[in-house]
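This report covers charged pairs, aromatic rings, pockets and backbone angles. Please keep the sequence and the 3D view open while reading.

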Amino acid sequence: MAQLLFELGCEELPASFVAKALRDLEEAITRGLNEARLEFGATQSYATPRRLIVGISQIQDRQADSIKESRGPSASAAFDSEGNPSKALQGFCRGQGIDPSQIVNDGEYVWAKISVPGRAASELLAEILPAAVRGLTFEKTMRWGHSRMRFARPIRWMLALLDGQVVQFEIEGVSSSNTSRGHRFAAPEPFEVNSLDALLTELRSRNVEPDSAKRESMLREQAVARASGIPDLPGSLVDENVYLTEWPQAHEGSFDEAYLNLPDPVLVTAMAKHQRFFPVRNSDGSLQNKFIAIRNHGEESSVKAGNEWVLNARFNDATFFFREDQNKSMDEFLAATERMLFQEKLGTVRDRSHRLSALARFIVASAALGATAEGHAAKAGLYAKADLSTGLVSELSSLQGIIGGEYARREGFAEEVCWAIASQYDLGKQAGRDDLASRIAIALVAADQVDKLAGFLGLGLIPKGSSDPFGLRRAATLLVEASRLWPEGLGDLQGPLAQAFDLYRAEGQTLDESGAKSALADLLCGRYEALFASVRHDLMAGALAGRTLSEVAQPNLIVFRTEALALLGEDVATLQTLSRPINILASAEKKSDYSLPGTLNATGLNSSEGEALASALPEAIQAMQSAVARHDARSAIAALKALAAPIHAFFENTMVMDEDLEVRGQRLQLLSDTRQIIRTIGDISAIVIEG
C-alpha cells in the first residue's frame, strides 16, 4: 500500500474559490481511483490561496487482474459442418490475438475471455491527477502565456509523489516534481519533500500554515490579543481572511475619532466589506475608532500605516456624501429614482417602487396579518430602492438597503419598515426570527423577485446555458428561500405572479405571461435541484411531477413531497400496492374506448371490495389535506398506508376491465379518485427501489 501526495501550486486564488476548489479536487481524485479499481484509505486535504494539497493513504500498488470478455460470432457461424473454425471465427480470433482453441462456446455464441494484467497505480495516477486538475471549474477563469487551458489563476508547480517517487505528467508546460515552495515573500525558494508529513512540517517552517482550521485559530487568537476592545469577528469575514493568507498576522489600527459620527453600518461596511478589517467594539457594543487587520506579509508598521491611510480616506469620502444626504428626505430620494432606469421596456426605478409596494402589500394581505402590517409592507416596498439615489450608496454600493433603513429610521418610519428596507439584500438576517418586522422583510424580498421575474421573463429574457445577465436564477433562488423562511410558507407563488402581471399591464406593458410562467417553472425546478442537492434525484423528480408552474410554485409543498416520497420508498410493499391503480389507469388510458363517468357511484361498482375502498376515500382525502396544510410527511404516508389494505383487497377480488362498460367506468373512476389522492405527494412511479 502506497501514500499519494499531490500539491497544486498556483498564483493566489480568490478567497471565495479556495474551499470549493479543494473539495472538487479531492472528489475528482478519489473518483478517479474508484473508477480505476484502486483501493485506498483515508484522505487528508489542505488549502491556502497558493496551494491545494491532497494526501491519500494506503493506495493499492496496482489494479487486480481482470478478465475481458468479447462476444464473437454465433455458435452456428463459428464452425463449418466438420467442426472446423469458420473464416468468421478465425477473423474474430485474430482481432482478439488468441487461437481458436481458446474460445469459449456457450451454445449460442462464442466468446474470447482474455486475462488483462492490472496496471500500476503510478501509471494510472499519471492520468487521474492531470484529469482532476483540468476538470476543476471556477466562476471566473483565465488563460496565461501560451496556455490554451482555462483556470482560475496560472499554475506554477505540481508536487506529485507516490511513496516518495514522482508521478510523471505535465500540464501546460508545468511538469510534476518532488518540490514545493514556501511563503511567497518569506521563503520563496523551492524545496524537496518525500511525504505529506514532511511537506506539512517544511511548509510551517517556511511561514505557511496549510491547515485552514489552524489559520482560523491563529487569526482569532491574535485578533483578541491585539484588540483594545472586543473584536467583531463574523464567520464570513473570518473565512475570507483565512483564505486570503498563508500565515495570518493580526495588528490593530485606528482611524480619526471624528468619523464615529457616521452611522455604524457605514463604518462597519467600509471596514469589513471594502477593506476586510474587523471592527472593534466597547463592552456596550458601541464602536471604537479601532480596527483589526490581517496581513499575510510585510513589516507591521508600514502595513498598519497604509491601512489607516486608506480607511481614513474612505471615511472622509463617506462623510462628504453623508453630509450631502442629510439635506434630502426619503421622498426626495424616491423622486430622484425617476431618473434611474430599471429596464428599457420596464420603466424606471420609480415606476418599480409602485409595483413593489403593491406586491408587498398583496403578499402580506394574503397571509391575513392585518391592516397595520399591510401598510408597513406597502411603505417598505415604496421606499425600498429610494437609497439608490443617495450619495453614500453611490460611493459604497454594498450599503444598498442598509442606508435606506438608516435614513428611514432618521425620519421616524416604523421600525418594521426600517428593518425590511435595511435587510432586503440579506435574507439570512431573517433566519430564526418570527416577528412582524421579519415577515415584512421577507414579503419585500419576495415582491422584489416576483416583479423582476415577471418583467424579464415576460420580455423573453430567459437565462440560457451559463448565461444569466439579469440574475434571474438568483431571483428564483431568493424567491424559494423567502418562501421557506416564512413560518407557514408563502403558499402558491402563482398569486403574487398574477398580481405582478396585472401591475405591469396597468402601466401599459405588454408581456408574454404564458411564456414567463413556463420559463419560471423551469427556473424553479432547476433551483430546487440546486438548493436541495442532498435529496435523491428520483425523489426530486417525483416531487416536481409534471414540472408545470402549478406543480412547482409552492416551495414548502415540494419539500413536503420529497420527504413523503422518501418515507414511502422505505415501505416497498405499500409502494407496490399504491402503484397498482396508477399502472392500470395508465394502461387503460391508452385504449380507444377509455372513458370516465366523472362522478363515482359506489353502488355501480358491483363490488363489495370496491365499495369498501370508495368509503375509505373521504377519510383519506381529509387526512391528506390536513397533512399537506401542516407539511407533515409522516401523516401523509400514514393516510396512504391506510388505503393500501382496501386497494389490495379490491384488486385481489375484482376485475377492473369488466365487460359491462358502465361497471368498468365506475371501477376506473374509483381508481382515478384513488390516484388523485396518491398524487398529492407527487409521482410515486419515480421512486427507485434500491436492491
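Which helix gives the most to the lining of the second largest pocket? Helix 16 does, with five residues.

## Basis of the report

This is a predicted model, in which local features need pLDDT of at least 70 and side-chain atom pairs count only at pLDDT 80 or more, while totals for chains, interfaces and linings use all residues. Residues are numbered from 1 along each chain as its sequence is written, and side-chain values use heavy atoms, with hydrogens and water left out.

Helices (H or I, at least four residues) and strands (E, at least two) are DSSP runs, numbered from the N terminus. Buried means under 20% relative accessible area, exposed over 50%, and partly exposed in between (1.4 Å probe, protein chains only).

## The second largest pocket

A pocket is found on a 1 Å grid over the protein atoms alone: it is an open set of points where a 1.4 Å probe fits, with protein on both sides within 12 Å along at least five of seven lines, and its lining residues have an atom within 4 Å of a point. Grid points are joined across faces, edges and corners, and the volume is the space filled by probe spheres set on the points.

The second largest pocket holds about 450 Å³ of space. Its lining has 21 residues, and Lys385, Tyr425, Asp448, Gln449 and Lys452 lie nearest the centre. At least two lining residues come from each of helix 11 (349–366), helix 16 and helix 17 (472–485). By type, the lining divides into 10 nonpolar, four polar and seven charged residues. Here Ala, Val, Leu, Ile, Met, Phe, Trp, Tyr, Cys and Pro count as nonpolar, Asp, Glu, Lys and Arg as charged, and the others, Gly among them, as polar.

Asp448 lies in helix 16. It counts as buried because its relative accessible area is 8%. In space, Asp448 is 8.3 Å from Gly381, C-alpha to C-alpha, although 67 residues separate them in sequence.

A salt bridge is a side-chain nitrogen of Lys or Arg within 4 Å of a carboxyl oxygen of Asp or Glu, and the count comes to 38. Asp448 forms one with Lys385, the closest N and O atoms being 2.7 Å apart. This pair links distant parts of the chain, 63 residues apart: Asp448 is in helix 16 (residues 436–458), and Lys385 is in the loop between helix 12 (371–383) and helix 13 (391–395). Both Asp448 and Lys385 are buried.

Another salt bridge joins Arg580 and Glu652 at 3.6 Å, N to O. Arg580 in helix 23 (residues 572–588) and Glu652 in helix 25 (residues 633–653) are 72 residues apart. Arg580 is partly exposed, at 29% relative accessibility. Salt bridges that share partners also join Arg352, Arg355, Lys385, Asp448, Asp451 and Glu507 into one network. Glu209 and Arg204 meet in a further salt bridge, at 3.0 Å from N to O; Glu209 is buried at 5% relative accessibility, whereas Arg204 is partly exposed at 29%.

## The largest pocket

The largest pocket contains about 720 Å³ of space. Of its 25 lining residues, Thr269, Lys273, Ile402, Asp426 and Lys429 lie nearest the centre. Two or more lining residues come from each of helix 7 (235–242), helix 8 (264–275), strand 15 (278–281), helix 14 (402–410) and helix 15 (415–422). Helix 8 gives the largest share, five residues. The lining has 10 nonpolar, five polar and 10 charged residues.

## Aromatic rings

Rings of Phe, Tyr and Trp (its six-membered ring) pair if their centres lie within 6.5 Å; planes under 30 degrees apart count as stacked, over 60 as edge-to-face and the rest as tilted. The whole structure has 14 aromatic pairs. One of them is the edge-to-face pair of Phe320 and Phe321, at 5.3 Å centre to centre and 75° between the planes. Phe320 is partly exposed at 49% relative accessibility, and Phe321 is partly exposed at 23%. Ring pairs also link Phe17, Phe138 and Phe151 into a cluster.

A charge sits over a ring if NZ of Lys or CZ of Arg is within 6 Å of the ring centre and within 35 degrees of the ring normal. Arg71 lies over the face of Tyr109, 4.1 Å from the ring centre. The charged end of Arg206 sits over the ring of Phe191, 4.1 Å from its centre.

## Positive phi angles

Most residues other than glycine have a negative phi. Arg37 has a positive phi near 60°, and it is found in the loop between helix 1 (15–35) and strand 2 (43–48). Glu172 has a positive phi of about 50°, in the loop between strand 9 (170–171) and strand 10 (174–177).
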